[in-house]
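Colleague: Please take me through one part of this model in detail, a single sheet and whatever surrounds it. I'd like to have the cut-offs spelled out as you go.

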Amino acid sequence: MTILRCKKQEEAFILKSDIYLIKSIIKKQIMYQNLKKALVVLGFTATLFMTSCSSDKNDSEASGTENYVIMSGESTNPFSGYITSFGNTLPSGQFSNIKTSSKQILGSLGMRTIGKYFYKMANFQYEAGVQKFSVTATGEIKDEGFIACGKAVLGSAQYTVVNETTGFYFDGDRGTLKIQKFNPSTMQRTGEIDLSATLANNAVEYISVGQNCLMVKEGKLFANIHYGKSASKGFLDAVDDKIRFAVIDIATGTLDKVTTFTTGSPQQVCWFTDNSMWDLGDDGALYFCTLGKVAGGASKILRFKAGATDIDTTWKLEMDDYKLNGCFVNVIAKGEKIYTRIPTESLKSDFSNLYGDIWSPTIIDINTKAATTISGIPVCEFKGNEEAMVEVDGKIHFLISNTSLGTNGVYKVEGTTGTQLFNLTQGGRIVGFGKSK
């Protein structure tokens, strides 16, 4: 089975759940340490149990047909929301995301579509772990299995699915220098790749592998190696200007190499949420985001070219070339274009504008690096937790929420123009859209 793309596979640094994860606290406490504590508490604390809007039919099989699925959620903890299937008919117009068949959940903060299944980094009760679900023949959401993870380290439950029987995830409680293996069909842990002996470094307070990013290309697993501080455990605490990846042969589970790339400033690769912040492009290259200095510039999009296991030194996108002190947090690579969001104003050091409607859907030419604002799609709130751009039916779609405009839906891109497909009137902010196939 071919490798699945996690975008198609698979919020900021104080990301809002896009920053809504901590929006209520940001308004009251701007200090960085308070924000950090807020995200840790809100992001992975188990909360109240909420049941389905209708009973699950656990004896039902996944329908095997195509299903459009929408996830929506409230903007405050515990982020209660709904997952709803609309069958094989593309939703359109104004409608509610609450149906009798909807699944009501906690921690409605995004999802990834992989084949005919959907995955998220918490179960329906908002407990950290790898959750898989599908749509039954009657249109209900079915729990297909859950692998619980610890909650002591942000990023636990970071995952990637390679094929029907092979997947990988990070669980800090099992060891920050170990990559866990699982079978996506059975949703059972099947072992681990222990890199402790190879990656341990007594000179560094905190090291993790795969905490932020687990990418797949050409039979290799690319797992980021993070050097940070013990107090922060990988939270925006990069201690040098090096990006490191463990390159692992998937077939044998052995480490091929550690590749290092110098960026010139401390960089965190990707993030801890269902927004993977990487994409396997149709040119065969892996594209991924770095957060830079967080409202201080230097954010980038970098890549591993097809056939390569070292980061391409001849190509990069610098956010500061488009908006000084902005940040890349979304990426899809398709047709020699990068689809992303660029803020219309520089991010402030106190993050007071991060959650504003300043994020503009943009296309960047991979070769010329020229940026074009997509017409027809309004600026929107910060969306960093969820997969806020998805490829569905061969087209790129943007998830857009703008309260002042009353916009809360999905736009399809044709060329450099976007057209709204639908707008949600109930159920919370749109945080997920996908199609099982």
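Modeller: Happy to, and I'll begin with a term that will be needed for the charged side chains: a salt bridge is counted when a side-chain nitrogen of Lys or Arg lies within 4 Å of a carboxyl oxygen of Asp or Glu. The model is predicted, with local features needing pLDDT of at least 70 and side-chain atom pairs pLDDT of 80 or more, while totals for chains, interfaces and linings use all residues. Residues are numbered from 1 along each chain as its sequence is written, and side-chain values use heavy atoms, leaving out hydrogens and water.

Now to the sheet. Its four strands form an open sheet in the order S13-S14-S15-S16, with antiparallel pairing. S13 (206-217) and S16 are the edge strands, each pairing on one side only. From one strand to the next, the twist averages 25°. Strands here are DSSP runs of E with at least two residues, numbered from the N terminus, and two of them pair if DSSP finds at least two bridges between them. Angles are taken between lines fitted to C-alpha atoms and run from 0 to 180 degrees between N-to-C directions. In general, strands of a sheet pair through backbone hydrogen bonds, either parallel or antiparallel.

Let's go through the pairs. S14 and S15 are antiparallel and share six bridges, and alanine 223 stands opposite alanine 246 in S15. S15 is also joined to S16 (residues 254-262), in the antiparallel sense and over eight bridges. In S16, phenylalanine 261 is the bridge partner of isoleucine 243. S15 and S16 make a hairpin with four residues between them, and glycine 253 in the turn has a positive phi of about 70°.

Which salt bridge involves aspartate 249? Its partner is lysine 220, with the closest N and O atoms 3.0 Å apart. Aspartate 249 belongs to S15 (residues 242-249) and lysine 220 to S14 (residues 220-228), so this pair ties together parts that are 29 residues apart in sequence. Aspartate 249 is buried at a relative accessible area of 16%, and lysine 220 counts as buried too, at 19%. The scale behind those words, using a 1.4 Å probe and protein chains only, is under 20% relative accessible area for buried, over 50% for exposed, and partly exposed in between.

For context, here is what the rest of the model holds. The largest nonpolar core has 59 residues, and Met215, Phe245, Tyr287, Phe288, Ile301, Ile338 and Phe398 have the most contacts inside it. Strand S18 (residues 286-290) gives the most to this core, with four residues. Apart from it lies another core, of 19 residues, including Ile207, Leu221, Ala223 and Ile248. A nonpolar core means buried Ala, Val, Leu, Ile, Met, Phe, Trp, Tyr and Cys residues joined through side-chain atoms within 4.5 Å.

Over the whole structure, a search finds 24 salt bridges. One of them joins lysine 337 to aspartate 365, with the closest N and O atoms 2.9 Å apart. That pair links distant parts of the chain, 28 residues apart, with lysine 337 in S22 (residues 337-343) and aspartate 365 in S23 (residues 359-365). Lysine 337 is partly exposed at 29% relative accessibility, whereas aspartate 365 is buried at 15%. Elsewhere, lysine 383 and glutamate 386 meet in a salt bridge of 3.0 Å, N to O, and both residues are buried. Together with Glu381 and Arg429, Lys383 and Glu386 are linked in a network of salt bridges.
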